[in-house]
Amino acid sequence: MATGMMPSLRATRVVWPWGLALLASATALASAPLLVIDWPTFKPGRIEPIWLTALVDVIGPIFAVLVLSLLAGFILSRRPGSALGWAFAAIALLVALTMLTQEYAVRALVAAPGSLPAGDLAAWIGTWTGLAIFPQALAILLFPDGRLPGPAWWALAGLAAVLTAGMIVSSLGDPWPLRLPGRDGSLPVTMPPSLWAYGFAMAGDPETVLGWANLLFAPAAAALVLLRTRRAQGDERFQLRWLAFALAITAVFWMVGRIDDDRVSPWSADLAAQVIARWGQLGSSLTISFVVPAAIAVAIFKYRLFDIDLVISRTILFSGLATFITLAYVGIVFGIGSFIGAGAGLNPILALLATAIVAVAFQPVREGMSRVANRLVYGERRTPYEALSRFAGQAAISYSTVDVLPRLARLLREATGAERAEAWLRIGAELRREAVDPESAPTPTIGLKDERLPPLPDTDHSVPVRDEQTLLGALAITKRRGDRVTAAEIKLLDDLASQTGLVLRNLRLVEELRASRERIVRAQDEERRRVERNLHDGAQQRLVALALTLGRARAEAERTNQAGEFLAATEAELRTALAELRQLAQGIHPTILVTGGLEPALRSLVDRSPLPVAIRVSLVRRPPEQAEAAAYYIVSEALANAAKHSRASTVNVSVTRSGSGLLIEVRDDGVGGATKGGGLQGLEDRTAAVGGKLSISSPMGAGTHIRAEIPCD
Amino acid sequence: MRLTIVDDSTLFREGLVRVARDLGFDVVTQVSDAQSLMELIRADPPDVAVLDIRMPPTYTTEGLAAAREVRSSLPSVGVLVLSQYVDTHHVLELISSGGRIGYLLKDHVGDIAEFGDAVRRIAAGGSVIDPDVVAELVGRRRNREAIEELTEREREVLHLMAQGRTNSAIGARLHLSPKTVEAHVRSIFMKLQLEPADDDHRRVLAVLTYLHA
């Protein structure tokens, strides 16, 4: 959970944050019984049904308090010092307190006047806490990592604090009428007059400033989060996108909801403006209560679960379409209607005309909007020309499947804006997925019957890559859900595929060359082993048996005192031949390499060297047979070379693991100047054949350093 | 003296059986691989089992595995491992597992007296190391300095000692009195800075471990 946001959550959990969360939730819920018994005091809104009023003014805030308490408890129990956690806790508590005190005031002052004490005070507290936007602003500024990223953010936090203070102070001067959710805005509140006067005097006339501040609050918050989203990287970016999305919607509703605000709007007296503003207020209340907390929760807990990009692009698309239809309809029916003087009533012909125009224009407008939405959400795409030239440039400098295919896949995805792009490579009678962008682990294979490309699983569009008639591989893309493959993209895929043909043919040749080199070396090793075995088990065995017979003959001859001396000489010669044979066989392929492994084999090599050799072998597991053989022959040849030419006084041999491979180093303090002729050249080939690299550094007079890296996978 | 002989080369095995019989040994079992060896040995335990190191199926170190098994499950049966190559690594491992064990190159089996001596020494609880193996160990570079401190005679004694011979055998071989041999051994142990070991096998092990280190 929340890995991106809090990567180093410690196991220590604290209990008190949950107490705080419980307190906020309980406070919010405590207002529910008062709401139920005071339900009759609810007045339907100007335009909306009463259930919507209840949803906006009652259920929404309770929902927000519950979600924010949960988040505050979750964050603070893991990071008790988190400023973001405290901001959430403060919002939850203030909203809950506002609800409870306001319902208390309704009960004490309206529903059953005099039934409860201190109704005035409760109404006042509710008003003030309701105005405390500072925690909200802070939470938005702190999201998602609990830090203010720069001086601008600090300044904005300070401004929010000043504005909050200003709003509270100015409200001290104007206690009447006190607006309460869902009721008509007049409560008979009485407060100490001195306080009003003081507040009024202090606040002066900041109404206009505060009105603008109020109007711009939501758009400013949305803009800030958008700005931060653009700067963010990785998980944080995903998290911020959720909040940015929620705030952007809120900001639109928020501004619409303020067009009847007489402090900032010239249309405040217009009835239509009031109706539109009411809808905007309802919308922003709903998004603030439901969408924003939900988006924050998703961002913290499950930001990878849903595809925010798709949600955003669809939202832009549909709101754009809705605007288009409304404007077209209103423009034609009312605009033309008033021009031709058809009166206020609906002209059926104009309505029909509007419908027809909307119907005809719908598809092109939809496509245009879709492009705009995608560009806004997914960013710039590479043009097909860019994609092709980039690929050609890259293909020219790299000749390995490890490199080219992943690059190709990435390029393909960038150029088409697809969700996934794949590059498949043919290996024998199989097609294997060699590269996927974004990367994913399994490399599925498909059997091939002929040179036709079989359907590739889970892809929207695929093209074969051919050289002449031979199928070499395939390229495929998968678009996002609800996105289609366009003609331009199909064309791009075809063009890329024809370019890829050349590259894949090269790759295949290189691959084949490497494989054949490997086969040659393996065959050589096999052959050496076979010869060694034949020597041991054939000729040597036979000679041993012969020595045995001779020995018996000599024993017999000595007993009967005949020809003993002659036989003894023959036997001695035979033994010498045997010893030579044994050493020969040993040299062809060291038995100990097979039976004992690399380390004992190298130690016996070092033991036989005429030079003093210090050896260090540190291996946890036995490397694969081929790597062992290569390492053995490298050390063997290097030691033989050093003994012959270097005039060194000591040699250092080290064999260690380096990453996934073996690192072999042989260093002497001799005269240097070794060249790559003969034995050393053979070593280079052998190393290259098992996919390794050998380097020789041998400056005159400064010793020789042979370094080989052999992969072990 | 009862022997079991295991070798996959028929030519050699039959030659060896004949040599053993010439020497007056009783060859109770002869087989060509180690697979059914344990059952046979358990059913009728010989004094010494003679094993080839390379046998089917992989022709690598089947003989070594069989030797270890015999030594651990039937401690009364001695084992002589025959090999075609000098392999100091495996020799030390074999010797470390206890006495009553030997490692001989097949080349040297032709010296019939030598072979007979080896079998008898193993049956008597001693250890046998091939002279070529000892020579390779003693000749190692890193042993050179220490070995050079020994006198010519001491070096001879060291060789024989490492082959697993007793003081009296060394004395007989070098025409020395047991007392003189003892003095040489003490001197060798002192120069190589080894803990004196009274038991013959422990002495071999100490010397080989020193040389192999």
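A cavity is a set of points, on a 1 Å grid over the protein atoms alone, where a 1.4 Å probe fits but cannot get out; lining residues have an atom within 4 Å of a point. Grid points are joined across faces, edges and corners, and a volume is the space filled by probe spheres set on the points. The model is predicted: local features need pLDDT of at least 70, side-chain atom pairs count only at pLDDT 80 or more, and totals for chains, interfaces and linings use all residues. Residues are numbered from 1 along each chain as its sequence is written, and side-chain values use heavy atoms, without hydrogens and water.

**View 1. The largest cavity holds about 90 Å³ of space.** Its lining includes Arg529(A), Glu532(A), Thr591(A), Arg54(B) and Tyr59(B). Two nonpolar, four polar and four charged residues make up this lining.

**View 2. The second largest cavity has a volume of about 60 Å³.** Among its lining residues are Leu104(B), Glu114(B), Arg121(B), Ile129(B) and Arg165(B). The lining has five nonpolar, one polar and five charged residues.

**View 3. Chain A meets chain B through 32 residues from each chain.** Contact means heavy atoms within 4.5 Å. The buried area is about 2700 Å², with 53% from carbon and sulfur atoms; this is accessible area (1.4 Å probe) lost on putting the two parts together, summed over both.

**View 4. Asp22(B) and Arg552(A) form a salt bridge at 2.5 Å, N to O.** The term requires a side-chain nitrogen of Lys or Arg within 4 Å of a carboxyl oxygen of Asp or Glu. Four salt bridges are counted between chain A and chain B.

Definitions and conventions: Chains are lettered from A and ligands numbered from 1 in the order in which they are written. On a 1 Å grid over the protein atoms alone, a cavity is a set of points where a 1.4 Å probe fits but cannot get out, and a pocket is an open set with protein on both sides within 12 Å along at least five of seven lines; lining residues have an atom within 4 Å of a point. Ala, Val, Leu, Ile, Met, Phe, Trp, Tyr, Cys and Pro count as nonpolar, Asp, Glu, Lys and Arg as charged, and the others, Gly among them, as polar.
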